[in-house]
Amino acid sequence: QADAKYKGNVKKADEEFYEILSTLAFLPNTPTLMNAGTPLGQLSACFVLPVEDDLRSIFHTLENAMLIHQSGGGTGFFFGKLRPKGDHVKSTQGAASGPLSFLTIYDKATEVIKQGGKRRGANMGIMPIDHPDIEEFINAKRKPGMLENFNVSVAVTDQFMNAVAKDQEFELVSPRNKKPAKKIKAKELWNQLIQAAWECGDPGIVFIDEINRKQPTPQVGIIESTNPCGEVPLLAYEPCNLGSINLAKMVKNGKIHWEKLKNTVRAATHFLDNVIDANKWPMPEIEAIAKANRKIGLGVMGWAECLARCG
């Protein structure tokens, strides 16, 4: 029906989409499968939501995230703007509890929502390598039971990687006042990261400078986070509809059927673009940037089976 908006051939699109879905040549992400044609109508898999260094922003974002989880979507966050543990809080004259304390609250809320939601909510929590609390963040998931509803990743910069290569000291900087908090050997921090990743699979690494060099809309903003599994870097409030082409279905007589693959890629791209128009968005900020940038994520599955069928 989205094609009608662009004076496209609705019947042709209908047949094309039915063909790729019914033969399992292509499948969209779970929220599209679960929610299309229902009153909920939320069709996107993943969203990035902004977290500012302010109590209202932290809990407003948490509320939005839980509404997204309830509908079957996942969320990514950048926690690097939150002031470090022990930092001054002007309004109360107290000390800040630090980003990890709020990450823990987000994790617990996700745990609660999964009881009544469509499926378990997934999260990505990203921290920059130069945050004063980075060591605590790197080692957080080494404790059993910590952040079980989160994937966590460190946003690593070119500057840090150069410091590791040259075995230099690296400065950790407070996001509140941009003043240096302490210096640490870059290689020591790197080794902590490797050790934690080896022990428990987290944290991952996001090469954030490289992402921003290659991102398609630099004039709109800087990318700070990704979706829960890290395959799509997104701007604040940006959503993404994901879909997968089944490569096992792209083989004919032991060879890759290139014509079928080409046609499936085109039809799947058309389908995912239509999802943007058919979607019932959870909040106006998300709808605005979705329709402005129209990001889609088209991936592949069935690669091993495809190779087996090709001998």
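**Reading cores, contacts and packing**

Modeller: The largest nonpolar core has 44 residues, and F79, I134 and F160 have the most contacts inside it. Such a core is a set of buried Ala, Val, Leu, Ile, Met, Phe, Trp, Tyr and Cys residues joined through side-chain atoms within 4.5 Å. Buried means under 20% relative accessible area, exposed over 50%, and partly exposed in between, with a 1.4 Å probe and protein chains only. This is a predicted model, in which local features need pLDDT of at least 70 and side-chain atom pairs count only at pLDDT 80 or more, while totals for chains, interfaces and linings use all residues. Residues are numbered from 1 along each chain as its sequence is written, and side-chain values use heavy atoms, leaving out hydrogens and water.

Biologist: Which residues is F79 in contact with, leaving aside neighbours within four places in sequence?

Modeller: Contact means heavy atoms within 4.5 Å. On that basis F79 is in contact with V51, P99, L103, Y106, G125, I126, M127 and F150. A second, separate core has 17 residues, including L43, I245, A267 and C306.

Biologist: Is S225 buried or exposed?

Modeller: S225 is buried, its relative accessible area being 1%. The residue belongs to strand β11 (residues 225-226); helices (H or I, at least four residues) and strands (E, at least two) are DSSP runs numbered from the N terminus. Beyond four places in sequence, S225 touches V48, G76, F77, F78, I126, P233 and L234. Its side chain also reaches the backbone nitrogen of F77 at 3.4 Å.

Biologist: At what angle do helices α7 and α8 pack?

Modeller: Axes are lines fitted to C-alpha atoms, for helices over the stretch in contact, and angles run from 0 to 180 degrees between N-to-C directions. Helix α7 (residues 158-165) and helix α8 (residues 186-200) pack at about 105°, with axes 8 Å apart. The two are therefore roughly perpendicular, a class that spans 65 to 115 degrees, with under 35 roughly parallel, over 145 roughly antiparallel and the rest oblique. F160, M161, A163 and V164 of α7 meet A186, K187, L189 and W190 of α8.

Biologist: Where does D167 lie?

Modeller: D167 lies in the loop between α7 and β8 (169-173). At 36% relative accessibility, D167 counts as partly exposed. Leaving out residues up to four places away in sequence, D167 touches K185 and K187.

Conventions
A polar contact is a pair of N or O atoms within 3.5 Å; within protein, one must be able to donate a hydrogen and the other to accept it, and residues adjacent in sequence count only if both atoms are side-chain atoms.
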